[in-house]
Amino acid sequence: MPPHHFDFAQDAIDLARRSAEWVGLRYSSETTSSRCVRNDMPEKNETSSDAGAMCEVLVDGHFGYAATADTSLLGLQRAFERAISTTGTTSAYKAHRFTPAQRPASVGSYQSSSDKALGSTSLAEITDCLRTASAAMKGSDLLVNRSARAMTIQTRLAYFSSNGAAIEQNFEMVNIDLAATAAKGLESQTRTWSHTAQQGGEVFERARWTTEAQRIAAEALELLAAENCPTGTMDLILMPDQMMLQIHESIGHPLELDRILGDERNYAGWSFVKPADFGSLRYGSALMNVSFDPGVRHEFASYAFDDGGNPAKRELLIEGGMLRRGLGALESQVRSGLPGVANFRSASWNRAPIDRMANLNLEPGTSTLDELIAQVEDGVLMTTNRSWSIDDYRNKFQFGCERGQRIRNGKLGAVLRNPNYRGVTVDFWSRLAGVGKDTVAYGTPYCGKGEPSQVIRVGHASPPCLFQDVQVFGGAA
Ligand SMILES: [Zn+2]
């Protein structure tokens, strides 16, 4: 978005302020480029841009919104008038009487740290890099799909308010996925590698992509011939690329304060966590420490301020297994009386912010992976999420992984295909018996929530973890 658009911000805010207790204006522009090479052929090559502004008002203790892609002074004025008018009507049904205290007057800026700026690699070079990765997965006629994808996203946010907030944040994000599918008869197995969801500049590293591409192709072939995961109660080691999903679904979503308040019952669901549980619920074993941390360099959902202008800072949500704090922004905090975080986030210029995860991380422990494996007499190690299912209270779940490996008497053994496990959230986390020391950060651009729907980016960093006596099962034979 050209900076001159902001020239109208102050005038639009001053005009709207005459009819509202408080007004805010958030500009957002985003450019996304997606490239894909499949089976050595370029398949996708597109760039899209989206830009607009959200006009936000506080009238009679009720926040209201109207969005516009017309960021001229007249366009902003019209949107503010619409926001003021609809808010006046809906105020009679408000859930809470809010004040400008829920919109801090923060001033500052943020820029993703990067070694190489987005856009500095030519399209030809990116395509060539993707082709190299696709070709590196060749080697058997059984490898029926060999894809390499790269997505780059550039987002600019600017936020101004009548009580003096002035914030600019620039994000550069990269998402890379390699996938190899091997098929024989009715059986097919897929292995993937992701440099998922990182903030920072470009990472088109041909050598690393080649190594990872060759590895996943070999592993997909190996899985075709592997035995099915056994069924039974045994120990389970989850690698960071499955831990991210475990954290997301069974810690992140149930701790969202707006869910706990019932806002999401209609759509994304409720939560087994009750307001009275904060400060008293033992969520997991004493080894469990979970942080909300938007300040991790390169992690996907790092930022300096949330979309309500609240300065972002690290907070422990679960400490020594005890539930301390929820994933709720200032509005949910004042409604519930519970401690929260700076996580008021919107997916786009035309969406109002709601409580979201940002970076939600499991804090590292002290064990090496070998030490975790050595603790297991009878178990399975699982890598890379493949499927997930969890109830709408975020309680009972079952998750599947791409690759398993048997562990017996402290040693890794045979590769297993179709590994799955199931559990119930608090019971499962109480089985946490070992936490690795080597954290890897993953994330996803596709966390869905809200009506109208919002898809947002989240980051999850975790070390490998050991859980004792988990129900493990294989796929259909
Ligand atoms: Zn989600």
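User: How far apart do the C-alpha centres of domain 1 and domain 2 lie?

Analyst: In this predicted model, the C-alpha centres of domain 1 and domain 2 lie 22 Å apart. The domain assignment of the protein gives residues 3-225 to domain 1 and residues 232-473 to domain 2.

User: How many residues does each domain give to the contact?

Analyst: Domain 1 gives 40 residues and domain 2 gives 32 residues to the contact, where two residues count as touching if their C-beta atoms, placed from the backbone, lie within 7 Å. On the side of domain 1 that touches domain 2, the elements giving two or more residues include β1 (22-38), β2 (41-59) and α4 (206-225), while the largest share, 9 residues, comes from β7. By class, that side of domain 1 has 16 nonpolar, 18 polar and 6 charged residues.

User: Which residues is cysteine 55 in contact with, leaving aside its neighbours within four places in sequence?

Analyst: With those neighbours left aside, cysteine 55 is in contact with Leu25, Tyr65, Ala66, Thr68, Leu76, Ala79, Phe80 and Ala83.

User: Why is aspartate 370 called exposed?

Analyst: Aspartate 370, which is found in helix α8 (residues 369-374), has 11 other C-beta atoms within 10 Å. A residue is called exposed if that count is 12 or fewer, and therefore aspartate 370, with its count of 11, is exposed. Aspartate 370 and serine 112 are 258 residues apart in sequence and 34 Å apart in space, C-alpha to C-alpha.

User: What makes strand β9 and strand β23 a pair?

Analyst: Two strands pair if at least two bridges are found between them, and 6 bridges join strand β9 (residues 232-238) to strand β23 (residues 465-473), so the two strands, which run antiparallel, count as a pair. Within this pairing, methionine 234 has valine 470 of β23 as its bridge partner.

User: How many bridges join β23 to strand β19, and how many to strand β20?

Analyst: Strand β19 (residues 420-424) pairs with β23 in the antiparallel sense over 3 bridges, and asparagine 420 has phenylalanine 473 of β23 as its bridge partner. Strand β20 (residues 432-435) is also joined to β23 by 3 bridges and runs antiparallel to it, with cysteine 465 of β23 as the bridge partner of valine 435.

Methods. Residues are numbered from 1 along each chain as its sequence is written. This is a predicted model: local features need pLDDT of at least 70, side-chain atom pairs count only at pLDDT 80 or more; totals for chains, interfaces and linings use all residues. Helices (H or I, at least four residues) and strands (E, at least two) are DSSP runs, numbered from the N terminus. Domain bounds come from an automatic or database domain assignment. Ala, Val, Leu, Ile, Met, Phe, Trp, Tyr, Cys and Pro count as nonpolar, Asp, Glu, Lys and Arg as charged, and the others, Gly among them, as polar. A residue is buried if 20 or more other C-beta atoms lie within 10 Å of its own, exposed if 12 or fewer, and partly exposed in between; C-beta atoms are placed from the backbone.
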